[in-house]
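Trainee: I'd like to learn how to read a structure like this one. Could you walk me through it?

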Amino acid sequence: MSHIASYFPITDPTLVFLVVMLVILSAPIIMGKLRIPHIIGMVIAGVILGKYGLNILERDNSFELFGRVGLYYIMFLAALEMDMEGVRKNKRKMLVFGLLTFSIPFALSYFMGLEILKFTVTGSLLIGCIMASNTLVAYPVVRRYGLQRKPSVTLSVGSSMISLFLALVCLAAIVASNQQADGITFWALFAMKVTVYCTALIWLIPRLTRWFLRRYSDAVMQFIFIMVILFMSASLSQWIGLEGIFGAFFSGLILNRYIPPVSPLMNRIEFIGNALFIPYFLIGVGMLINVRLLFEGGNIIWIVFCFVFFGTVGKAIAAYVACLDFHMPVSSGHMMFGLTSAHAAGAIAMVMVGMRLTSPTGQPLVGDDMLNGVVIMILFTCIISSLVTERSAQQIVFRDKEFPQEDFRQKEEEKILIPVKYPEYANRLVNLALLMKSPKVKDNLVALNVVYDDEHVQQHQEAGRRLLEQVSQFAVSADEHVQTQVRIAANIANGIKHAFKEFQASEIIIGMHTHKDISPKFWGGFHQSLFNGLNRQIIMARLNQPLSTLRRIQVAVPSRAQYEPGFYRWLSRLAQLAGNLECRISFHGRTDTLAMIHEFISNRYPEVRADDSPMEHWNEMPNLASSIKDDHLFVVVTARKGTISYKNAQERLPEELTKYFYGKNLMIIFPDQYGDEKMDSMTFTEAQHQEERSAYEELRDWLNKKLRRK
């Protein structure tokens, strides 16, 4: 037995990493069979592997490094996934809950430390700070259930940052008092540093991010850039006297609108964190916990019980009082309590700061009993938090299923066809489709490359396959599967139309050239042939910069657009796009049309920031040019001839767009022409003639090319 023990703890870096990977792999499997949250499995695995357990692994610098990164990652992801519009609408509630979840545990823990455990005043204040703050250890549970944007989760994440900030301020006051440096000069300097820090990051990060994302599209470079911003913010936060987790959270809030939730970049950030850094952090927390002390009896059991009881009760009171005050369901109160009740590395950091301080008698402020009590308390609060959060997440999911939201988008099939030709532009079109599609429908994208049937057809086919492989990889990085097809046709427009029917697509998203002299018509004969030959929605896009850097969407809507069958489809797509980009969307049109748009947005997409301004006549559209900035997206909703919203002024649309909006990010939408497969605006004979003309043109082009080859 002693011979085996001589091999432990493992110090070889390769074996250490192997053991950690085995734990990360096996913990979810084992905990899933036991129906216990995976997070608890990671922490318990750390207890077993650490020096206070079987002493298999030593908590070396790798656990310190990856653990710190994992803690930053949890806070960063929580801020990235917050519903910022929900934050704006509920900032009063967030502030109230933040003050409650700080003050109630702080007061109870201070009383407990002073009156029950007989700590010094400074020691009791330190315990109050520790129990008033919390770590979002259970946040991965929320992400697994897809509840990141629920109001209860948004309030919990925001209040956690408020309580942490207040706890760190109190900790700074304790340190200053202990060092006799708590005068007006100290607080003035501290307030100035915090103000400069926040102002500098709010001014610098958005400008730096927009500049970088516009110039560099490489996936690895974008990820590294985000990591640089994260750790720069965390290190500067430490420099001004706050913990790095505050800087991580603050940088996530600033970057929130530049990393859409369905983007490949967001998928990469989540993957790296969930696969490596966050599990490493949880295992490292477990390795700090000495469970043996509980079996030794004595004062430690009483201290742990007091810490856990008063801290947890304080968090519970705050959560349920806020829940009642905000008139939220009880399940939301459970979620708020579960997310805000755990203590982890933040508590360790605070108690480590306390260990450097001394009491007036010269004794260390934090003794062994307090240190061990805080460390063991972390285990119990993590278990309580994970169990409560898991249970409340299930209740919220069941509650939402009992009261389904009727959604017209679920009543019809959705399949988006994306014709691609240019490698440098294809990913932007796919990204646009990802941001506009319904999140409830998966694997509904089709990427198409149409090549001419000429003497170079094999070369073009191979280039098309490479392009579609690039598109598929891009979509997979956003956790989305794309069907692909290389199609040979004598006429590109007809090839797209035939593919549209073959895949039973519902709409098309296609790129638009950016050069002014390509065609006398703005979108050219090719696009005209396409939208004249299809009666379903066609979206033509010219994107000069990454979508995540757009600040506003401006939409020109023709009068009587609300009477078209495709009205709600294009409106839903734009609302989905604005919601994912978290940018404001402005509608310009007739008053009656704007009223219908406002009603739809407020009922179906209440989180979207939308406004409107009257545009009584279509001739006023050029007047919008002065308000369209380079980082805006200008959307024109037009119509085919013969439809109810068509008007003669739209004949001048190509020239007006070329003259007034050249170089701007542009989108042109041709809505669905028919509803329920009815031909309301074109007789059957006209449609038949049009189809015959298209077939004749395709046959003629094919014969001409065959003759040229000979």
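Trainee: How many aromatic pairs does the structure hold?

Mentor: There are 24 aromatic pairs, and keep in mind that this is a predicted model. A pair of aromatic rings is described by how far apart the centres are and by the angle of the planes. Take Y197 and F250: the centres are 6.1 Å apart, with 35° between the planes, and the pair is tilted.

Trainee: Which helices do Y197 and F250 lie in?

Mentor: Y197 is in helix α10 (residues 184-215) and F250 in helix α12 (residues 244-255), so this pair ties together parts that are 53 residues apart in sequence. Y197 and F250 are buried too.

Trainee: Why is the pair of F246 and F250 stacked?

Mentor: Look at the angle: the planes are at 5°, with the ring centres 6.1 Å apart, so F246 and F250 count as stacked. They are four residues apart in helix α12, which means about one helical turn separates them. Both F246 and F250 are buried. Elsewhere, F17, F63, F66, Y73, F277 and Y280 form one aromatic cluster.

Trainee: On to strands. Is strand β2 largely enclosed or open?

Mentor: In a regular strand, side chains alternate between the two faces of the sheet. Seven of the eight residues of β2 (residues 445-452) are buried, so the rest of the structure largely encloses this strand.

Trainee: Which strands does β2 pair with, and in what sense?

Mentor: With strand β1 (residues 416-419), β2 pairs in the parallel sense over four bridges, and I416 stands opposite L445. With strand β3 (residues 482-489), β2 also runs parallel, joined by eight bridges; here A447 stands opposite T484. The chain gets from β2 to β3 through helix α20 (residues 457-476), in a right-handed β-α-β crossover. β1, helix α19 (residues 423-436) and β2 make a right-handed β-α-β unit as well.

Technical notes. Residues are numbered from 1 along each chain as its sequence is written. This is a predicted model: local features need pLDDT of at least 70, side-chain atom pairs count only at pLDDT 80 or more; totals for chains, interfaces and linings use all residues. Side-chain values use heavy atoms; hydrogens and water are left out. Buried means under 20% relative accessible area, exposed over 50%, partly exposed in between (1.4 Å probe, protein chains only). Helices (H or I, at least four residues) and strands (E, at least two) are DSSP runs, numbered from the N terminus. Two strands pair if DSSP finds at least two bridges between them. A crossover is right-handed if, with the strands pointing away from the viewer, the path from the first strand over the helix to the second runs clockwise. Rings of Phe, Tyr and Trp (its six-membered ring) pair if their centres lie within 6.5 Å; planes under 30 degrees apart count as stacked, over 60 as edge-to-face and the rest as tilted.
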